[in-house]
Amino acid sequence: MTAEGTRGLFITFEGGDGAGKTTQAALLEKWLTDAGRRVVRTREPGGTEVGTLVRDIVLHHRGEVAPRAEALLYAADRAHHVETVVRPALDRGEVVIQDRYLDSSVAYQGAGRVLGTDEVRQLSLWATEGLLPDVTVLLDLDPSVARGRLDADDKPFDRLEAERESFHVRVREEFLALAAAEPERFLVLDATLPPARLAAAVQERVAPLVR
Ligand code: TMP
């Protein structure tokens, strides 16, 4: 089931770290609220109180987290978030704009950690009772360019950001493969374009769905 089964609209932003998802999600939120739409902007991991605790483990735990445990933690965050935040908003007819969703698990745990993309996708579909976004915007960025942006930020890397370049190359390739497999759901944009150009492209894709 997609969000089509509800009255709302579910839009997700995906891409590697440093691709500019948060900026674009904020710009889309402003555009939609200015147009009078009710919007819930949220993120994974960490869109709920439980999720904040999970986020702290998956991003900041200093010792080892076994890859399967990591995949289950992201899925647990997602299950709780969808049931308590996302579905209720969609049922109220609102627009949910979300920073990362199940495609991130398929790319990072499935391809990055090499746990298997089909298994990881099935795990998330079970966790969410099959909820898929109406639109997914993929901000595509070469991992070496992303690394430069993160370095310039001068913040310490989290567990995932600190992974080797080969990990991030697998993540990027999987995101592109997911987009190619579902062209009707995905809008793929070159994340090196200026933010205003990216925002205009996102608005063009979303406009017919909010009329
Ligand atoms: P972010 O909120 O800054 O994007 O950080 C979340 C990190 O967690 C990012 O490196 C991607 C990673 N992640 C996964 O590995 N799997 C997932 O399912 C999600 C949602 C995020």
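Let me begin with a definition: helices (H or I, at least four residues) and strands (E, at least two) are DSSP runs, numbered from the N terminus. What we have here is a predicted model, in which local features need pLDDT of at least 70 and side-chain atom pairs count only at pLDDT 80 or more, while totals for chains, interfaces and linings use all residues. Residues are numbered from 1 along each chain as its sequence is written, and side-chain values use heavy atoms, with hydrogens and water left out.

I will start with the ligand. Which residues are closest to the ligand? Of the 13 residues that surround the ligand, the closest are Asp17, Tyr74, Arg100, Ser105 and Gln109, where a residue belongs to the surroundings if one of its heavy atoms lies within 4 Å of the molecule. An oxygen atom of the ligand lies 2.5 Å from a polar side-chain atom of Ser105, and for the side chain of Arg100 the distance from an N or O atom to a ligand oxygen is 2.7 Å. In the side chain of Arg78, an N or O atom is 2.9 Å from an oxygen atom of the ligand. Taken alone the ligand exposes 480 Å², and the protein buries 92% of that, with areas coming from the Shrake-Rupley method with a 1.4 Å probe.

Turning to secondary structure, the elements that give two or more residues to the shell around the ligand are helix H2 (49-60), helix H3 (67-91) and helix H4 (102-112). Among these, H4 supplies the largest share of the shell, 4 residues.

Is Val137 buried or exposed? Val137 counts as buried because its relative accessibility is 1%, and buried means under 20% relative accessible area, exposed over 50%, and partly exposed in between, with a 1.4 Å probe and protein chains only. Leaving aside neighbours within four places in sequence, Val137 is in contact (heavy atoms within 4.5 Å) with Thr12, Phe13, Glu14, Leu187, Leu189 and Val202. Pro45, by comparison, is 92 residues from Val137 along the chain, and their C-alpha atoms are separated by 18 Å.

The second residue is Arg149, which sits in helix H6, residues 143-153, and is partly exposed, with a relative accessible area of 32%. Beyond its neighbours within four places in sequence, Arg149 is in contact with Gly18, Ala19, Gly20, Leu141, Ala191 and Thr192. Arg149 and His60 are 89 residues apart in sequence, and the C-alpha to C-alpha distance between them is 20 Å.

Terms used
A polar contact is a pair of N or O atoms within 3.5 Å; within protein, one must be able to donate a hydrogen and the other to accept it, and residues adjacent in sequence count only if both atoms are side-chain atoms.
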